[in-house]
Amino acid sequence: MPDSTMTTPNSIDLADFAVGLPKAELHLHLEGTLEPELKFALAARNGIQLPESTVDEVRATYDFTDLTSFLAVYYPAMRVLVTPEDFHDLAWDYLQRAATQGVVHAELFFDPQAHTSRGVPFADVIGGYRRAIVRAEKELGVSAELVLCFLRDFSAEYAMATLMEALPYKQWIVGVGLDSDERGNPPAKFTDVFARARAEGFLLTMHCDIDQPGSIEHIRQVIEDIGVDRIDHGTNILEDDRLVEIVRERGIGLTCCPVSNSFVTAQMKADEIVALLRRGIRVTINSDDPAYFGGYVADNYVALAREAGLDAATLAQLAVNSFEASWLTPGRAAAYVERVRGYAAQHGVDLPAS
Ligand code: ADE
Ligand code: ZN
């Protein structure tokens, strides 16, 4: 845990330090990386008419006040994604950008039902994404895995059917998640789907979005009833010391997204994120839907550091957490942690031995 014994030389530029820091991105929706420029290019390629004609007009629609108003903009934009090539281009653009932000490993959410519900074959979605991942490993030295998310505002039956559809592609999918509109859609709705996913060998994560009706009960369900390996967002856990203690003991990672928080709630929730970190929780920092919220992962590290007055050693600790909470094999995770330690040492930043 970061503490006052860590040294942060004054000469370090935190933004440069954050960009160069090797890190894993664990909470990134591929469909949330659709930048307006690519949206226009794909619309033109697929002969789709868009209501907006400039990038500024697109950005003017990003007027979110909560999760629901964000999702109302997010899903309609996806209709430009049609062919395997489109999914490849989306993921490839993201992975190149991630490499410039110091990402060396990424576990990427994708929402197949946002496409199959429009008639796009599952095989085309995953085929395009997978091709970009293989290419990134080869050309960028960035490793990546896919995490299939079920849309919680669709039925449990549709989620189960999607899980069955995914089984032939098991070797390309490390885990399953749950996203979309949480109101009225508790984790318990998907207990059977997640039990089956676990039995099929997938790791499990679920969104517990910020300040939702029933947030703390949803967090309890994912921990005690579903038995997740990670929680996405989940900062409302601070409302229940007992759950904080369980998450700490089990080493369950929390994938926090400060810039996204500031769009779907009134603030970054920096105090909550730092409080959890100081209590020994495996907090990680991530970008969620960067094309919409305007911050890729290093930007999130910097935004949080500025808001909460964090030093370089704490940013390095967050990067260590990103590998320890990842779904890499323990050996690969440990090798990346050593890279973080080496990078910190090179910059004169001390991290306590773990
Ligand atoms: N889908 C994309 N981003 C999401 C978020 N932050 N919460 C829930 N569902 C999402
Ligand atoms: Zn998310």
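**Strand β4 and its surroundings**

Tutor: Strands β4 and β5 pair in the parallel sense over 2 bridges; two strands count as paired if DSSP finds at least two bridges between them. The model is predicted, so local features need pLDDT of at least 70 and side-chain atom pairs pLDDT 80 or more, while totals for chains, interfaces and linings use all residues. Residues are numbered from 1 along each chain as its sequence is written, chains are lettered from A and ligands numbered from 1 in the order written, and side-chain values use heavy atoms, without hydrogens and water.

Buried means under 20% relative accessible area, exposed means over 50%, and partly exposed lies in between (1.4 Å probe, protein chains only).

Strand β4 (residues 173–179) is also joined to β3 (residues 143–151), by 6 bridges, and these two strands run parallel. One of the pairs here links L151 with D179 of β4. Strands (E, at least two residues) and helices (H or I, at least four) are DSSP runs, numbered from the N terminus.

An open sheet is formed by 8 strands in the order β1-β2-β3-β4-β5-β6-β7-β8, with parallel pairing. At its edges are β1 (23–29) and β8 (282–285), each of which pairs on one side only. From one strand to the next, the twist averages 25 degrees. In a regular strand, the side chains alternate between the two faces of the sheet.

Helix α7 (residues 122–140) lies across β2 (103–110), β3 and β4, where contact means heavy atoms within 4.5 Å. Relative to β3, helix α7 runs at about 155 degrees; axes are lines fitted to C-alpha atoms, for helices over the stretch in contact, and angles run from 0 to 180 degrees between N-to-C directions.

Finally, consider what follows β4. Residue S180 lies in the loop between β4 and α9 (191–199). The phi of S180 is near 80 degrees, a positive value in a residue other than glycine. With a relative accessibility of 4%, S180 counts as buried.
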